[in-house]
Amino acid sequence: MTKPILSVRDLSVTFDVRSPSAWPWTPARKLHAVSKVSFDLLPGECLGIVGESGSGKSTLARAIVGTIPSSNGQILFEDSDLANMDPRQRRVHRRDVQMIFQDPLAALNPRMTVGEIIAEPLVTHEHGLSRKEVKRRVGELMEKVGLLPGLINRYPHEFSGGQCQRIGIARALILKPKLVICDEPVSALDVSVQAQVINLLISLQKDFDLSMLFIAHDLSVVKHISDRIAVMYLGRIMEMADAETLTTTPAHPYTQALIASVPIPDPALEKARPRPILEGELPSPISPPSGCAFRTRCPKAQPLCAGDRPVLEDIGKGHFVACPFHAPERALVAG
């Protein structure tokens with residue numbers, strides 16, 4: 001059996017929240033952004049993570065990269081526990097775990113040229129390289145991501161959003177990492193540009209033999225690039241399966257509601273299919289519901305759902321569901 005390159009075990013991230021009007025001695029309240037999340041990522045695999053805004057997707061990504069600290073749990077990257085390392089120890093693994101951010105322009109330093117932006121990780125981690133070698137490697141990677149090497153001395157504001165995202169991708173790949181975390185990398189782009197960037201990421205994943213975590217709202221986009229998909233709600237994983245199984249036979253009511261919100265291009269199918277209605281708003285992560293986090297909005301909720309928190313249960317062939325009333329339902333996701 002193939003050994004995972006990344007194993008996340010019972011990972012939790014909490015933040016202390018204080019009201020501006022509270023007394024200084026008032027204890028801070030805990031915001032539970034990620035709660036006991038566990039999953040494995042195999043070498044060369046792409047795991048998609050979807051969910052509403054506020055479900056903890058980006059917080060999970062930043063905890064794995066190390067830009068925010070985790071509260072509990074383990075982040076095992078090639079048997080090294082990143083969650084319990086100090087910054088100096090973690091620096092050794094930083095070149096192997098890179099991130100592509102949501103807002104391409106905001107992620108780039110406006111005072112640096114494209115060449116300097118892409119080369120910065122090389123300068124930081126490979127001190128012995130000559131300027132000529134750095135420029136050569138930057139030029140090669142620019143061509144690989146669809147940018148003309150002649151643009152190396154231009155600044156980010158001179159590029160479109162799609163081109164800026166290509167610059168961000170090149171910067172993330174310049175050190176040839178083993179794991180790349182994509183935090184909603186196409187949500188700020190036009191639909192036509194989204195498809196180009198997704199196809200580029202698929203191509204680069206094969207060329208560089210990358211393992212990827214791909215975070216997005218759009219299930220049809222995630223299905224296109226991912227081998228498996230995990231659905232998050234209020235900091236917890238509700239369902240996880242291979243992309244085809246999860247999008248055609250979702251078992252959790254929350255997943256069914258997410259898929260129902262994706263339009264189908266065929267008017268007849270769109271009109272005929274059942275539509276689970278997701279009512280209400282996402283509960284506050286400061287005071288999450290007891291038991292199942294989704295029970296306050298779930299059409300199948302029962303009194304026992306307020307009791308113990310449901311655990312991810314394997315219902316067959318690697319399809320995990322955190323719901324005692326799971327019943328796979330046929331669904332169709334657009335393209």
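Which residue of E12 does aspartate 314 stand opposite? Select aspartate 314: its counterpart in E12 is phenylalanine 320. The model is predicted, so local features require pLDDT of at least 70 and side-chain atom pairs count only at pLDDT 80 or more, while totals for chains, interfaces and linings use all residues. Residues are numbered from 1 along each chain as its sequence is written, and side-chain values use heavy atoms, without hydrogens and water.

Next, select E11 and strand E12 (residues 320-321), which pair in the antiparallel sense over two bridges. Strands here are DSSP runs (E, at least two residues), and helices are runs of H or I with at least four, numbered from the N terminus; two strands pair if DSSP finds at least two bridges between them.

Now display the open sheet, whose eight strands follow the order E6-E7-E8-E3-E9-E10-E12-E11 with mixed pairing. Strand E6 (97-100) and strand E11 (313-314) stand at the edges with a single partner strand each, so one side of each has no neighbour in the sheet.

Move to strand E3 (residues 46-50). Four bridges join E3 to strand E8 (residues 211-215) in parallel, where isoleucine 49 has isoleucine 215 as its bridge partner. E3 also pairs in the parallel sense with strand E9 (residues 228-233) over four bridges; there, glycine 48 stands opposite isoleucine 229.

Finally, colour E3 by accessibility. Five of its five residues are buried (under 20% relative accessible area, 1.4 Å probe, protein chains only), so E3 is largely enclosed by the rest of the structure. Cys46, Gly48 and Val50 point one way, and Leu47 and Ile49 the other.

Note on methods: Buried means under 20% relative accessible area, exposed over 50%, partly exposed in between (1.4 Å probe, protein chains only).
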